[in-house]
Protein chains: 2
Amino acid sequence: MKRLSGVASMDACGVRMVDAEKVAAVRAAMPDDRDVADLADVLGLLGDPTRLRLVVALLEGGEVCVCDLAAVSGHSESAVSHALRLLRAHRVVEVRRAHRMAYYRLADAHVRMLLDVGLSHTSHAGVVHVEHAKTDRT
Amino acid sequence: MKRLSGVASMDACGVRMVDAEKVAAVRAAMPDDRDVADLADVLGLLGDPTRLRLVVALLEGGEVCVCDLAAVSGHSESAVSHALRLLRAHRVVEVRRAHRMAYYRLADAHVRMLLDVGLSHTSHAGVVHVEHAKTDRT
DNA sequence: TTCTCATCTGAACGTTTGCGCAGATGAAAG
DNA sequence: CTTTCATCTGCGCAAACGTTCAGATGAGAA
C-alpha cells in the first residue's frame, strides 16, 4: 500500500507527498479549521508577554483592577487597557465594575489549565532559551 | 493595612495603585521575566494557525516529512519550511534526515501537554468563537 | 562527472500588531 | 450644576510577522 520507496505520489490536486496513507490519517484526525483557529487565537493571545503577565497576575490575584495590573506588569494603563480589551473580546477575562473601577478576573477554566501546564514547565526546569536562534545545526 | 477606601496609594516610583498589598503579593508570585518571555515565545509560536496545524499533525503522525506536512496543512513547502525552522530554533520540533528527506517530530513533552489541554477544550466543547469582536458589552 | 530533487534560505512585500498619545466616556463627589 | 478621576478608545506609527518568489544547498542517482 504505502509508497515509501523512491517515487512520490500525488493527490488529485497535484500536491506532492510521500506517505499518502499517513497524510490521509493525519488529515482525518486534524481538528476542523475553526477549532484550530480558535485555539491558535487563544494561544496567540497568551503569546504576548504583556498579556501573559496580565493573565498570570489574574491567576495569582484572583480579581485585580486596571491600575494594579498596570503596577504589577509594569506597563502603562493605556497599554493594559488595550490588552484587556483584546482578552475580554476573546472571553479570556471578565470584568466587574464597582465604584469607579474595573476589576478583572480570568473567565475561563481552560485558560487556567493552559497556564498551569505552561508555568509548571518554565518555572522549575531549565528551558533552553533561544535568543534569536540562527541555523540550528543538528 | 489595605487602603481600599477612596484614596489610591503610590509606590516609590509614582505608580498609582489601589491595593498595594495585593500588588506586592502578585508581583512576588510572578515568574521571573525570562520565564515569562520563554513561555510567551512558545505560546506565540503555537498561536499561528499554520504552525499549530503542523504541530498538531506531528502530535498525530509522530514523524512526518516536510512535503507531507505541506500536504496536510495545505501550505506551500516553502512556508512549511520557514515555519519548521522557527519551531526547530525554539526546540519545539526535532528533525531526522534520511535519504533526501527531513522527518520532523515533536521534541518536547511539555508542548504535547499544552496541545492536549488546548485541544481537549476546543474540540468537544462549544467555544465562543469571536470573529472580530468589537466593544463586548457586558 | 552531471543531473535530479527534497529541502532550505534571503529578500521583499503586504499585513498585522502593540503601544503612546490625546481626547472621550461615564460615574461619583462637591 | 461642575469637577474629579478610573477607565476606555480612535488614530497613527514603528516594529514584527507570514508568505511568496527565486535561487542556493547538498545528497543521491545516472
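**Notebook: a hairpin, a chain contact and a DNA strand**

I started with one pair in chain B: B:Arg96 has B:Tyr103, in strand 5 of chain B, as its bridge partner. I keep in mind that this is a predicted model.

Next I followed the two strands around that pair. Strand 4 (residues 93–98) and strand 5 of chain B run antiparallel and are joined by six bridges. They make a hairpin with two residues between them. In the turn I found B:His99, with a positive phi of about 55 degrees.

Then I checked strand 3 of chain B. This strand pairs with strand 5 (residues 101–106) of chain B, antiparallel again, over two bridges. Here B:Val64 sits opposite B:Tyr104 of strand 5 of chain B.

I moved on to where the chains touch. The contact draws 60 residues from chain B and 60 residues from chain A. On the chain B side, helix 2 of chain B gives the most, with ten residues. I sorted the chain B side by type and got 34 nonpolar, eleven polar and 15 charged residues.

Last, I looked up DNA strand D. Which residues are the closest to it? They are A:Val66, A:Cys67, A:Ser81, B:Asp48 and B:Ser76, out of 25 residues that surround DNA strand D. Helix 5 of chain A gives the most to this surface, with six residues. Among the other elements that each supply at least two residues are helix 4 (66–73) and strand 5 (101–106) of chain A, and helix 5 of chain B. By type, the surface near DNA strand D holds ten nonpolar, ten polar and five charged residues.

Terms used:
Residues numbered from 1 in each chain as written. Chains lettered and ligands numbered in written order. Predicted model: local features only at pLDDT ≥ 70, side-chain atom pairs only at ≥ 80, totals over all residues. Contact = placed C-beta atoms within 7 Å. Helix = DSSP H or I, 4+ residues; strand = E, 2+ residues; numbered from the N terminus. Nonpolar A, V, L, I, M, F, W, Y, C, P; charged D, E, K, R; others polar. Near = placed C-beta within 6 Å. Pairing = 2+ DSSP bridges.
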